[in-house]
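Have a look at it, then read on.

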Amino acid sequence: MAPTLPTSEKLALLRRRAEAIDALRASLRRRGYLEVETPAVTVCPGVDRHLQAFAVDFVPAGGGPSLRRYLTTSPEYHMKRLLAAGSGPVFQVGRAFRNGEVSERHNPEFTIAEWYRPGWGYGELMDEVEDLVREMARALRPTAPPPRAFPRTTVAAAFEGAVGADPHGGDPAPLRDAAEAAGIGVPAGAEGDADALYCWIMAAAVEPALPEGGAFLVDYPARHAALSRVRPGDPPVAERFELFLDGIEIANGFTELTDEAEQRVRIHAENAARVAAGLEPYPTDERFLAALARGLPPCAGVALGVDRLVAWLLGVPRVQDVIAFPFE
Amino acid sequence: MYSTSDFRKGLKIEIDGEPWLMVDNQFVKPGKGQAFNRTRIKSLITGRVIDRTFKSGETVGRANVEEHEMQYLYSDGEHWNFMNTETFEQIQLTKDQLDDAWKWLQENGTVQVVTWNDRPISVEPPMFVVMEITYCEPGIKGDTATGATKPATLTTGATVNVPLFVEMGDRIKVDTRTGSYIERVRG
């Protein structure tokens, strides 16, 4: 069992954590974002085959049937509803919940920073994320040398470099052969699953080969677009980026998908995949889709894992080192 | 069957028709992607340690591994004979099956015999045993400080490094996990 009281070393890290979060908020405000708060208890958590929500029940005080709700896995749907209402640039620093995830990089409840700016694409947002991280590094580690510029590598180039395979293909055989040849093995159950093989190569070969300091992966296979816009082409690529700091994923950003019909297709596809994997499907968020139908302005948005960023800034290895009371 | 959500250190699983002990289990997940359990497992038969990764949600067989308390009876040099202290059933094991455990067996002493599908696969002696030295070079009196050692042979034929002051005929306490000398036992 973890100690019941945080140690004095932990308290010192928590003071530094508070400084870091103050700096993050101040920086986003200075860049013109409005701070907002959206619900933690939601009707529809994000529909993603790889994210499991905590289910909770609302029990009416006066009696009556209870209502199934979920703790939010990210504030994305609600923040886009604000954008569709004309909020302009918005940010949030809040709590997100992902069931089942515990490791040195995961706590099942964690602090997420998420922000959106109308009129931008993912390239401009990457510039801003890089500026912001470098600014925080200067503030929190004034004596350390400033991080080098963050290189941007396409997922295709990173896969080619790490294992010599094409991540855009949907055929499991070449990915399986590439994993074997790269010496990372093939996970049991992933042999015929191109999606799982792609994820395994990403986790076991691509991420560990990323350069020290900051680095972006950009232009994801369309299958891994999540809620990003797909740019037509051969192959079509998702306008999505992830920021890594010393090989650890810190942030995930998109040129946001604004098309309601396409968004509905993707939610249904994710739910179909959930059912096929034996997982509970989540309700389709009609309020979110109605906001897209009314008109989500073209925008870019990013979600950033605050605990991971703080751990990196403070030079400690585990997110639990900067969380007062990690999952018990 | 166990699912990956049951994975933890100490779990005994069956893969490729062999029983394994899980010695490490890590949750691995790329950003917004499929999760995996990266495990390190040790063969309960050969002791070989390998890495195995599972897509989260996969299932794996449970190894039917049990421990039985048995009394060591005697050896004819080819077979080692044990008796189950509950059922009084007797079994014979070969030196291969014993691995290193033969070094620490004392007549009428108890050990744990591990079985897989009722087949004995290993013998775990007590963590510490007290045994007599049958041969070593003569002792150097008073040399308790230099830290130098010499080899000593025990009743079973096992060899242990002991401090220079220890004499032939002394009884010593040994840590069977490392095969290292702990102390001399008086009386």
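## Arg266(A) and its surroundings

A polar atom of the Arg266(A) side chain lies 2.8 Å from the backbone oxygen of Ser228(A). A polar contact here is a pair of N or O atoms within 3.5 Å; within protein, one must be able to donate a hydrogen and the other to accept it, and residues adjacent in sequence count only if both atoms are side-chain atoms. Arg266(A) sits in helix 7 (residues 260-276) of chain A. Helices (H or I, at least four residues) and strands (E, at least two) are DSSP runs, numbered from the N terminus.

Is Arg266(A) buried or exposed? Arg266(A) is buried, at 14% relative accessible area; buried means under 20%, exposed over 50%, and partly exposed in between (1.4 Å probe, protein chains only). Leaving out residues up to four places away in sequence, Arg266(A) touches Ala225(A), Ala226(A), Leu227(A), Ser228(A), Val230(A) and Leu257(A), where contact means heavy atoms within 4.5 Å.

## How to read the model

This is a predicted model, in which local features need pLDDT of at least 70 and side-chain atom pairs count only at pLDDT 80 or more, while totals for chains, interfaces and linings use all residues. Residues are numbered from 1 along each chain as its sequence is written, chains are lettered from A and ligands numbered from 1 in the order in which they are written, and side-chain values use heavy atoms, with hydrogens and water left out.

## Helix 4 of chain A

Which residues of helix 4 (residues 155-163) of chain A are buried? They are Val155(A), Ala158(A), Phe159(A) and Val163(A). These residues lie on the same side of helix 4 of chain A because they cover an arc of only 100° around the axis; the arc is that of the directions from the helix axis to the C-beta atoms.

The cover over those buried residues includes strand 7 (152-154), helix 5 (172-181), helix 6 (194-206) and strand 8 (214-221) of chain A. Just past the end of helix 4 of chain A comes Gly164(A), with a positive phi of about 70°.

## Pairing strands in chain B

Over in chain B, strand 6 (residues 59-62) pairs with strand 1 (residues 2-3) in the antiparallel sense, over 2 bridges. Two strands pair if DSSP finds at least two bridges between them. Within strand 6 of chain B, Val60(B) is the residue opposite Tyr2(B).

Strand 2 (residues 12-15) of chain B also pairs with strand 6 of chain B, antiparallel and over 2 bridges. Here Ile13(B) has Arg62(B) as its bridge partner.

## Empty space

Rolling a probe the size of a water molecule over the atoms shows where empty space is left. On a 1 Å grid over the protein atoms alone, a cavity is a set of points where a 1.4 Å probe fits but cannot get out, and a pocket is an open set with protein on both sides within 12 Å along at least five of seven lines; lining residues have an atom within 4 Å of a point. Grid points are joined across faces, edges and corners, and a volume is the space filled by probe spheres set on the points.

The largest pocket holds about 1,500 Å³ of space. Its lining has 48 residues, and nearest its centre are Phe27(B), Val28(B), Ala35(B), Asn37(B) and Ser56(B). Strand 3 of chain B gives the most to this lining, with 4 residues. Residues from both chains line the largest cavity, among them Tyr198(A), Glu242(A), Pro30(B) and Lys32(B); helix 6 of chain A gives the most, with 3 residues.

What is the peptide bond from Asp234(A) to Pro235(A) like? It is cis, with omega near -5°, and Pro235(A) lies in the loop between strand 9 (230-231) and strand 10 of chain A.

Phe88(B) is not a glycine, yet has a positive phi of about 65°. Phe88(B) is exposed, at 57% relative accessibility, in the loop between strand 8 (79-84) and strand 9 (90-94) of chain B. Asp99(B), another residue other than glycine, has a positive phi near 55°. Asp99(B) is exposed, with a relative accessible area of 57%.
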